[in-house]
Every structure is written in C-alpha cells, then in structure tokens.
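Thanks for coming. I will take a few minutes on aromatic rings, and then say a word about an annotation.

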Amino acid sequence: METEHQRPAMGGAHRFVGLAENLERYAGAPTGAEPPNVNGTNRGYGLVFFHLEELHLTTVISSGLRFQPLGAHPAQELACSVYREQAEAARHLVDLTSELLVQNRTFLVPDQIVPNEKPLLPGTEFHGVLASGHPIFPSEFTRFTDPEGIEQLQVFTLLPVTLGELNYILDHGVTALRQQWARFEVDVFDLGRPSVA
C-alpha cells in the first residue's frame with residue numbers, strides 16, 4: 001500500500017509527459033516559442049509555434065494554461081492553425097483568448113463561441129472564434145491521454161468566424177455553419193477567406 005509520500009502529486013506536470021512529442025507528431029516541427037514573460041510580467045502561459053511543411057500550415061499552441069486555476073477538467077490549451085504567412089494573426093488570436101481565460105479564470109467547452117465587438121484582426125470581419133476540434137488533425141491531437149489512457153488535456157482549436165457567421169450560428173447553430181463551410185468549400189486556414197453568411 002502506498003503512503004502519502006510515495007504517491008505522485010495530483011495535478012503535477014508528470015500527467016503531461018509526452019505532450020510535446022504528441023503535438024509535434026501532428027502539428028509539425030517546432031519553429032519558435034514566446035515565453036510567459038514576453039511583455040515583462042508573467043501572463044501565465046507561453047506560446048509555441050509549429051510548422052507542418054507538407055500543408056504549409058503554422059499552428060500556434062498555448063503552453064501553460066493547463067497549470068492555471070481555470071476549473072477545466074481535463075486541463076486545456078488553445079491552438080490556431082493558419083497558412084505560414086498568417087502566423088502572426090494566429091499568435092494574436094491564441095494570445096488574446098488565452099489572456100481572456102486566465103483573467104476570468106474560466107475555460108472553454110466544445111463549440112463555444114468567443115465573440116468580440118470589434119474585429120479581432122485589423123482589416124478583417126473576424127469578430128470571434130469558435131472553440132473546436134482540429135479540422136484535419138486526428139482526435140489524438142485534441143485529446144491527450146496519459147500512458148494509462150486517462151484523458152489529461154484537451155487542445156481546443158480556435159476557428160476565426162466573421163460577424164455574419166456569428167449571427168448565423170446564433171440563428172441556426174454551429175452545425176449549420178459547418179455545413180455552410182463545407183457547401184462553399186471554405187478554407188478555414190485562410191484568414192483572407194470570405195464570409196459565408
């Protein structure tokens with residue numbers, strides 16, 4: 001029988017052994033990182049940049065939300081995949097949404113919309129993001145499990161949505177918007193894409 005001193009601390013970093021390799025397996029090679037204190041004070045998370053050469057995709061993933069007291073079970077991190085030329089916009093979206101979660105001590109649920117009154121990216125109509133599974137990476141990217149098969153982390157992908165699409169979701173639901181995206185063959189990785197609503 002284990003004593004208190006022999007048991008590993010619950011909630012510790014040991015739960016995430018292999019996470020970096022798992023993210024790299026799907027998102028590609030890491031190309032850079034931004035520390036939690038990039039702006040001077042510790043914001044509670046960093047950002048890691050991955051590049052998948054064959055699809056020309058850069059994925060920006062938060063690193064550290066899983067250790068914040070957000071109340072999420074399992075823990076969460078955020079990701080956004082775009083074409084390489086738009087990586088700075090993806091960095092901005094992940095940073096902005098992560099900051100919102102840390103400040104409000106809250107977390108995301110699947111298909112949650114995070115709206116904004118003004119465009120999130122200058123010169124675009126993107127007024128929010130949709131928290132989703134990744135459009136092309138397998139579920140093993142979204143749901144990280146430990147060696148015992150217990151889910152320890154969800155990686156929510158942030159899909160930018162336009163003001164028209166936000167209103168469409170409010171009227172018809174997220175599934176209907178996804179059907180519209182499929183119908184019009186919307187490239188969700190292209191931040192220059194037109195709105196379908």
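Let me start with Phe137, which is buried, because its relative accessible area is 8% and the cut-off for buried is under 20%. Keep in mind that this is a predicted model. Phe141 is buried too, with a relative accessible area of 0%.

Now the rings themselves. A pair of aromatic rings is described by the distance of the centres and the angle of the planes. Searching the whole structure gives 2 aromatic pairs.

Take Phe16 and Phe67: the ring centres are 5.6 Å apart and the planes are at 85°, so this pair is edge-to-face, which requires an angle over 60 degrees. Where do the two residues of this pair sit in the chain? Phe16 lies in the segment before α1 (19–27), and Phe67 is in the loop between β3 (57–63) and β4 (75–83). They are 51 residues apart, so the pair links distant parts of the chain.

The charged end of Arg66 sits over the Phe16 ring, 5.3 Å from the ring centre.

Last, the annotation. An unreviewed UniProt entry places the feature "domain: Suppressor of fused-like" at residues 56–194. In the model, that span is 30% helix and 29% strand, and its end C-alpha atoms lie 20 Å apart.

Definitions and conventions:
Residues numbered from 1 in each chain as written. Predicted model: local features only at pLDDT ≥ 70, side-chain atom pairs only at ≥ 80, totals over all residues. Heavy atoms only, no water. Phe/Tyr/Trp six-rings, centres within 6.5 Å; stacked < 30°, edge-to-face > 60°. Helix = DSSP H or I, 4+ residues; strand = E, 2+ residues; numbered from the N terminus. Buried < 20%, exposed > 50% of the residue type's maximum accessible area, 1.4 Å probe, protein only. Lys NZ or Arg CZ within 6 Å of the ring centre and 35° of its normal. UniProt positions renumbered as here; feature names shortened; annotations may be inferred.
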